[in-house]
Amino acid sequence: MKNPFPVNLQTQEDVRKAGWQAETRDADGHLCRTHVPFESDEEIVWLVREALKYGETVTIWPAKGGAA
């Protein structure tokens, strides 16, 4: 077994602790994409469009130091 904890099975808490600001998941809850802190609104729109195109859900957390 090369990797006993594949990336696509990480929990939301693990993803957020790793420093990602957003994630997308498929209908089964598998992690599909992560995104570093956003630099612009256009990046957020791109991520949401891509995720919706493939039927994924999107979770975006506040940037560090932002309002919770």
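The model is a prediction, in which local features require pLDDT of at least 70 and side-chain atom pairs count only at pLDDT 80 or more, whereas totals for chains, interfaces and linings use all residues. Residues are numbered from 1 along each chain as its sequence is written, and side-chain values rest on heavy atoms, with hydrogens and water left out.

The secondary structure comprises 2 helices and 3 strands, taken as DSSP runs numbered from the N terminus (helices: H or I, at least four residues; strands: E, at least two). From the N terminus on, these elements follow the order α-β-β-α-β. The protein has 68 residues, of which 21% count as buried; here buried denotes under 20% relative accessible area, exposed over 50%, and partly exposed the range in between (1.4 Å probe, protein chains only). Among contacts with a separation of 6 or more, 34% involve residues 24 or more positions apart, a contact being defined by heavy atoms within 4.5 Å.

The 3 strands form an open sheet in the order 2-1-3, with antiparallel pairing; two strands are considered paired if DSSP finds at least two bridges between them. Strand 2 (31-35) and strand 3 (57-60) are the edge strands, each pairing on one side only. On average, neighbouring strands of the sheet are turned by 15° against each other, direction ignored; the angles are taken between N-to-C directions, from 0 to 180 degrees, with axes fitted as lines to C-alpha atoms (for helices, over the stretch in contact). Strand 1 (residues 22-25) is joined to strand 2 by 4 bridges, and 4 bridges likewise join strand 1 to strand 3. Ala22 and Thr24 point one way from strand 1, while Glu23 and Arg25 point the other way; all are buried.

The hairpin of strand 1 and strand 2 has 5 residues between the strands, and Gly29 within this hairpin takes a positive phi near 90°. Asp28 is located in the loop between strand 1 and strand 2 and is exposed, with a relative accessible area of 63%. Although 28 residues separate Asp28 from Glu56 in sequence, their C-alpha atoms are 9.6 Å apart in space.

Arg25, in strand 1, is buried, with a relative accessible area of 11%. The bridge partners of Arg25 are Leu31 in strand 2 and Thr57 in strand 3. With residues up to four places away in sequence not counted, Arg25 touches Asn8, Gln10, Thr11, Gln12, Val15, His30, Leu31, Cys32, Glu56 and Thr57. The C-alpha atoms of Arg25 and Gln12, which are 13 residues apart along the chain, are separated by 9.9 Å. A polar atom of the Arg25 side chain lies 2.7 Å from the backbone oxygen of Gln10, and the Arg25 side chain also makes a polar contact with the side chain of Glu23 (2.8 Å). A polar contact is a pair of N or O atoms within 3.5 Å; within protein, one must be able to donate a hydrogen and the other to accept it, and residues adjacent in sequence count only if both atoms are side-chain atoms.

Side chains of opposite charge can pair when their charged atoms come close. With a salt bridge defined as a side-chain nitrogen of Lys or Arg within 4 Å of a carboxyl oxygen of Asp or Glu, the count comes to 3 salt bridges. One of them links Arg25 and Glu23, whose closest N and O atoms are 2.8 Å apart, and both residues are buried. Another links Glu56 to Arg33, with closest N and O atoms 2.9 Å apart. Glu56 lies in the loop between helix 2 (41-53) and strand 3 and Arg33 in strand 2, so this pair ties together parts that are 23 residues apart in sequence. Glu56 is buried, with a relative accessible area of 10%. Lys53 and Glu50 also form a salt bridge (3.1 Å, N to O); both residues lie in helix 2, 3 residues apart, about one turn of the helix. Within this pair, Lys53 is exposed at 55% relative accessibility, whereas Glu50 is buried at 16%.
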